[in-house]
Amino acid sequence: MTESNDIPIRLTLNKSLKSVFCKPTETLLSLLRDGFGLTGSKRGCNQGLCGACTVLIDGKPMRSCLTIAATCNGRDVVTVEGLLENGKLSTMQQALVDSGGVQCGFCTPGVAIALTSLLREDPKPDRTKIREALSGHLCRCSGYIKIVDAAEAAAEKAGS
Amino acid sequence: MTQEFSAVGLSSARRDSSEKAGGAAKFADDYSVPGMLYGAILGSPIASGRIKSIDLTEAKTVPGVVSILTADDLPDRRVGSFIKDEVTLARGYVRFVGEPVAAVAAETKEAADLAAQLIIVDFEDLPSVCSLDEALAEDAPLVHPGQDDYVRTSETPTNGNIFWSASILEGNPDAVWDSCDVIVEDTYETPGQYHAYMEPCSALAEPDLAGRITVRSTAQSIFYIQGRISDELDIPMSNIRCVAPKIGGGFGGKNGVSVQPIAVALARASGRPVKITLSRSQDMEMLRSRHPTRIRMRTGAKKDGTLVAREAELWFDAGAYTDESPAVLSFGMLCSRGPYNCPNISVKGHAVYTNKLKAGSFRGFGNPQATFASESQLDALAVKLNMDPIELRRKNAMKAGDHWLGGQTVDSCAMTQCLDALDERLKEEVSALPPAEEGWQRGVGVSGLSHISGLMGTSAFVNLRADGTVALQTGVVDIGQGSDTVLPQICAETLRLPLESIAYAAQDTDSSPYNWKTAASRITYTAGRAVMQATVEMRERILRDAADMLECSKDDLELDIGGTVRVVGADRKVSFREIAARAFNRVGGPIVGQHAFAFDGPRFDPKRAAMSNFAFDNLGVYVFGAVGVVVDVDTVTGKTIVQKVWSAHDIGRAINPQSVEGQVQGAVVQGVGYALLEELVWENGRLTNPSFMDYKIPDGMDAPSEITVMLIEEAPEATGPFGAKGIGEAPIVGVAPAIANAVFNATGARLTRIPMTSERVLNGILSL
């Protein structure tokens, strides 16, 4: 059901081109979850504070709960589902699994996005850099140690 | 049998972690169904008041509104596990800001939220009490003036806003204070802490045309929620099906009901599925916190450090409704001696109503508060005695065969080994750390710790499938702690199968065997026992059938890893597949196993302890540990940074070491938040910081960069699966006192109130 003030946008979502109408106030997170059924991005606070909704917009990690969907016209959006490579977990996602960096899993999608972005910018980050990259991502289960381990392991694997 | 293990002791990756890392795992709010409505809840804007009238006229005009409910639309029932003082929606009175008053179901979330805001409630403001001081003042207004009319499980005495008091006495402290060489005494204060599970509470209720309703929700027990919905809304349990989705953390905060009964009531009223997902701020204002407490404690010892006497009085600020407070208070009291022997001890405790959100279960369950006081006192004693703090603890540490406060025998105990392991690491590693930065003072602090692992009933089913693999069922909800992996590991090891051979069913009250809750650090120990015994029962049948097939005695058989039964010392064998195929179709029928039990540990011992009004009469097996921290304190600002943590745990046996480490590290950081950052703050009855902006939990930079976990497996628990005991709560228990003791070590300031914010640390330094 579209209304007169709905805004038509086109965006690349997880490598495929989408055309969609969105409401002027609709956030990208709502569009992803309710419009496209991509529920991997989580609504942990809806205030841009927990990081669970983080997606890549034009390659940069952004809070989808603070991003108005209509501003994504013509942009490239990648969600945690879009990190999969040929239907398999990416190196970073697999490292989170293998290192024990996934517990309840609610922060994991945002963490996976943030660390994927970090490793693209800096293929060999030290632990302090990794912790800085995680500083906008709240995790209440892990104490962050094994998430940092995972980023190190992924960097090592990608470098080998 | 050889020492080779097929599944236990292996750090297998969590079985659900791939779908979580890939974004495919479904949490409650990720479900949407055709025709689904969205629910919204109107919370009370005032801390205390009488509802004079509720006007729905304007709310009903919002397009898309389908149902609006108030207490008048619901059965007139009061519910609660200990005191029946709770209602689903406020009836006549409101007692805290955020208390649900009315609920709306509408076609869109926006319409539901708007309609909830347009409900006009006419309140008569009543005086409120929003702290222990206010609630305990003479002539304080009563949160529940009618409390003596409530149905209670136990006739405990009440006094004003105190709704539960309990006491325990061992020996005679009053007679021995004079014989103590040193005595320390202080009053400690701990804050309300928010669970801050990353997933806000949510429920989706789907009615069907046959009158049944299916509920997918954020909960630590499908069975408890089923029972509670039944109780609140007067629906037979047979008509309520609760299913567990993935749960985004709980820490005790999802132990009780949140929005499930309201979602069910709306779904029944509208005849359509209804989903309610709380916003973060509503979750913080409406649900539960850790109990804020005040604890007065006094401890006396001999010159050589031997503990002689302790006296403690605990006040737990329970908020507006009883919830689990009697149990939290009782447990906190039972932890007031900690993992040490002390022959003379008196503990009194009180749970107090205030006009704030409920305080309920939270990782540690009253123990972190009691241990903050206890371990701060031990540190102060060590200073007075000029004794090494670890040595003081070692001198008084409990050993196997000793008695817990209350008189129960402790069968497995590696307290001394934990202290030894910590001591060794601290001696080797503290001096090797890079020095504190200019202007910062470094301190080292330690704490002993202990907890339980157990309680209540559970059960498990297993069945052997035609190809020799196994299907396992329990009623345990994995809230992120890892039981979906650990319980299958226990099943696999009992049959010497690899983990991959075990299928594990999602939890559903229609089909899963009963389990109480994912709580009390009980799952690995309690549910693990049920899984192991059910699997042993199945293994016996497998061996009997194999003996029949191999024409030998069952006693001559052994299991090879991978699903083969072999005659010891011979090359004659038969596979699980062959055994299963034969059983299914010809001999004996399908091979299954089941086990059910309720925790059967020792009861309190009235010959050792005089106890009154405790909320339970036994506790689980005991776990022990020791934690050490290095902190740096900026003496100009008071800012305190935890540089490194060592956490040693009497685990009995680690079923999945990587998973245990993750639990310990997570609990340690939750403890760092409790010690340094986290405090719910109320002003005029309103929570002033209901968001992650104003309520800070540790992020990746606040958390210590190194947390060394030491798993001490020297005291396996004889009754536990493969010797295992639980670890969920213990690692948070000693963190705050260890940090406080380290701050004292760094600065000479003894902080008795947490969180130790920069301001409080600086004030402590300045007042030296």
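Predicted model: local features only at pLDDT ≥ 70, side-chain atom pairs only at ≥ 80, totals over all residues.
## Before we start

Helix axes are lines fitted to C-alpha atoms, over the stretch in contact, and the angle between two axes runs from 0 to 180 degrees between N-to-C directions.

Residues are numbered from 1 along each chain as its sequence is written, and chains are lettered from A and ligands numbered from 1 in the order in which they are written.

## Chain A as a whole

Let's begin with chain A, which holds 5 helices and 5 strands. Both kinds of element are DSSP runs numbered from the N terminus: helices are H or I with at least four residues, strands are E with at least two. Following the sequence, the order is β-β-α-β-β-β-α-α-α-α.

The C-alpha trace of chain A spans about 50 × 30 × 25 Å along its principal axes.

## Where chain A touches chain B

In chain A, 43 residues are in contact with 44 residues of chain B. Contact means that the C-beta atoms of two residues, placed from the backbone, lie within 7 Å. On the chain A side, the elements giving two or more residues are α2 (91-98), α3 (108-121), α4 (127-133) and α5 (145-159). The largest share, 4 residues, comes from α2(A). This side of chain A divides into 20 nonpolar, 15 polar and 8 charged residues. (Ala, Val, Leu, Ile, Met, Phe, Trp, Tyr, Cys and Pro count as nonpolar, Asp, Glu, Lys and Arg as charged, and the others, Gly among them, as polar.)

The buried residues include Met92(A), Leu96(A) and Asp98(A). They pack against α3 and α5 of chain A together with α1 (17-21) of chain B. Just after α2(A), Gly100(A) takes a positive phi of about 80°.

## Two helices in chain B

Now for the promised pair. The axes of α10 (residues 367-385) and α11 (residues 389-396) of chain B come within 9 Å and cross at roughly 110°. The two helices are therefore roughly perpendicular to each other, a label for angles of 65 to 115 degrees, with under 35 counting as roughly parallel, over 145 as roughly antiparallel and the rest as oblique. Among the residues that meet are Leu378(B) and Leu381(B) in α10(B) and Pro389(B) and Leu392(B) in α11(B). The residues of this contact divide into 6 nonpolar, no polar and 2 charged.

The loop between α10 and α11 of chain B holds Asn386(B). Its phi is near 55°, a positive value in a residue other than glycine. Asn386(B) counts as exposed because it has 6 C-beta neighbours inside 10 Å.

Definitions and conventions: Buried ≥ 20, exposed ≤ 12 C-beta atoms within 10 Å, placed from the backbone.
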